[in-house]
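Q: I would like to learn how to read a structural model feature by feature. Could we take the general idea each time and then turn to the case at hand?

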Amino acid sequence: MGFRSLLAVLNGERQAVPPVWFMRQAGRYLPEYRALRAEKGGFLALVYDSDAAAEITLQPIRRFGFDGAILFSDILIVPHAMGQTLTFTAGEGPQLAPQLAGARLEDLSAAPHHLDAIYETVRKVATALPNETTFLGFAGAPWTVATYMAAGEGSRDQAAARLMAYREPERFSALIDAIVDVTVDYLAGQVAAGVHAVQIFDSWSGSLAPQEFDRWVIAPTRAIVERLKARTAVPIIGFPKGAGGNLPRYARETGVDAVGLDETVDLVWADEALPKGLPVQGNLDPLLLLAGGDALPAAVRRIREALAARPHVFNLGHGIDKETPIAHVEAALAAIRKPL
């Protein structure tokens with residue numbers, strides 16, 4: 001078995017040249033992805049076609065040699081498996097029905113078979129990846145998934161979920177608990193099928209007040225981490241986008257093995273505030289990768305220098321923009337892989 005540098009860093013090993021992968025690296029900025037989507041159909045059709053999803057997962061590895069491969073899927077597979085209908089409409093984004101802000105979770109008919117195609121994708125990718133590549137699975141964090149389930153769609157301020165949590169905390173807590181249950185099984189299933197590590201995406205953690213952050217982000221994430229660690233031995237990356245000053249508490253209290261930092265995080269502060277030796281991931285601004293130019297390698301160097309004293313996985317602060325030129329990705333990788 002080859003040396004997996006990314007997995008070593010997630011296990012606490014510091015390296016002079018950080019391993020790298022990019023969030024959303026398997027997707028719309030790649031011409032080979034766009035060609036396959038035109039052939040196969042819509043986004044959800046690709047996710048549930050294990051041959052297509054495996055091919056998309058492997059495309060950026062073949063092109064760029066990233067140190068990590070991220071499973072091609074979506075965080076809303078979990079509510080689909082819980083019984084909501086899921087559709088993706090061009091120009092409108094994902095739609096879930098019924099909206100749980102006004103419907104009962106108990107009335108949904110669970111459809112766990114939706115997860116089977118994802119596990120099959122994992123198995124196919126696991127047999128095709130180079131030995132040196134770390135395979136990353138993922139799921140959405142309960143809070144972020146609940147925001148979509150409550151509103152039936154994405155929103156700027158997550159108002160439907162926030163109001164539900166304030167007005168009906170017991171009902172909202174039951175929804176969070178149900179998401180935790182499915183997510184633990186889902187991530188454990190990905191591990192059993194062949195992933196080496198997992199990431200928990202909390203894309204909307206920044207919309208909560210501190211007390212609500214503790215209740216709806218930290219507590220359910222800790223529950224997932226504790227239960228998953230009782231069943232598997234893989235590293236867990238927590239990515240609470242927008243958490244800001246809540247990051248140190250998140251890192252200390254959830255039990256994650258590494259923390260993803262979005263592009264707004266001051267790295268000097270983070271290095272001082274986060275637990276010593278905790279691996280971190282991030283945090284190049286995706287729009288700087290889109291812009292390119294001389295500022296790109298300069299930013300890469302600043303990030304590497306700021307985090308040189310701890311285990312560091314180089315990544316973006318969020319997902320790669322679909323308009324990002326291939327040449328900019330190549331330039332970023334050259335700067336990342338260059339010795340300081």
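This is a predicted model: local features need pLDDT of at least 70, side-chain atom pairs count only at pLDDT 80 or more; totals for chains, interfaces and linings use all residues.

Q: How should I judge whether T183 is buried or exposed?
A: The general idea is to look at the relative accessible area, where a value under 20% counts as buried. T183 has a relative accessible area of 0% and is therefore buried. Leaving aside its neighbours within four places in sequence, T183 is in contact with V78, A139, G140 and I224.

Q: And what does a residue with an intermediate value look like, for instance G93?
A: Values between the buried limit of 20% and the exposed limit of 50% count as partly exposed. G93, which lies in strand β3 (residues 93-97), has a relative accessibility of 25% and so belongs to that class. Once neighbours within four places in sequence are set aside, G93 is in contact with T87 and F88.

Q: How far apart are the C-alpha atoms of G93 and E13?
A: These two residues are 80 residues apart along the chain, and their C-alpha atoms are separated by 39 Å.

Q: How does one describe a pair of packed helices?
A: Two packed helices are described by the angle between their axes and the distance between the axes. Here, the axes of helix α7 (residues 142-151) and helix α8 (residues 159-167) come within 7 Å and cross at roughly 100°. Because angles of 65 to 115 degrees count as roughly perpendicular, α7 is roughly perpendicular to α8. On the α7 side the contact is made by W143, A146, T147, A150 and A151, and on the α8 side by A160, A161, R162 and M164. Sorted by class, the contact of α7 with α8 has seven nonpolar residues, one polar residue and one charged residue.

Q: Where does R24 lie, and what is its phi?
A: R24 is found in the loop between α1 and α2, and its phi is near 65°, which is again a positive value in a residue other than glycine. R24 has a relative accessible area of 48% and is partly exposed. Q25 also has its place in the loop between α1 (5-10) and α2 (31-40), but Q25 is buried, with a relative accessible area of 0%. Beyond its neighbours within four places in sequence, Q25 is in contact with L30, P60, I61, F66, G68, A69, I70 and I320.

Q: Which residues does the UniProt annotation "binding site" cover, and how should I relate them to the model?
A: The unreviewed UniProt entry gives "binding site" for R24, Q25, A26, G27, R28, D74, Y148, S203 and H318. They span 295 residues in sequence, and the farthest two C-alpha atoms are 23.0 Å apart, so they do not all gather at one spot. From this set, the lining of the largest pocket takes in R24, A26, G27, R28, D74, Y148, S203 and H318.

Q: Finally, which residues of helix α15 are buried, and against what do they pack?
A: In helix α15 (residues 326-336) the buried residues are I326, H328, V329, A332, L333, A335 and I336. They pack against α2, α4 (50-64), α13 (286-291), α14 (295-306) and β9 (312-316).

Notes: Residues are numbered from 1 along each chain as its sequence is written. Side-chain values use heavy atoms; hydrogens and water are left out. Axes are lines fitted to C-alpha atoms, for helices over the stretch in contact, and angles run from 0 to 180 degrees between N-to-C directions. Helices (H or I, at least four residues) and strands (E, at least two) are DSSP runs, numbered from the N terminus. Angles under 35 degrees count as roughly parallel, over 145 as roughly antiparallel, 65 to 115 as roughly perpendicular and the rest as oblique. Contact means heavy atoms within 4.5 Å. Ala, Val, Leu, Ile, Met, Phe, Trp, Tyr, Cys and Pro count as nonpolar, Asp, Glu, Lys and Arg as charged, and the others, Gly among them, as polar. Buried means under 20% relative accessible area, exposed over 50%, partly exposed in between (1.4 Å probe, protein chains only). UniProt positions are given in the numbering used here, feature names are shortened, and annotations may be inferred rather than shown by experiment. On a 1 Å grid over the protein atoms alone, a cavity is a set of points where a 1.4 Å probe fits but cannot get out, and a pocket is an open set with protein on both sides within 12 Å along at least five of seven lines; lining residues have an atom within 4 Å of a point.
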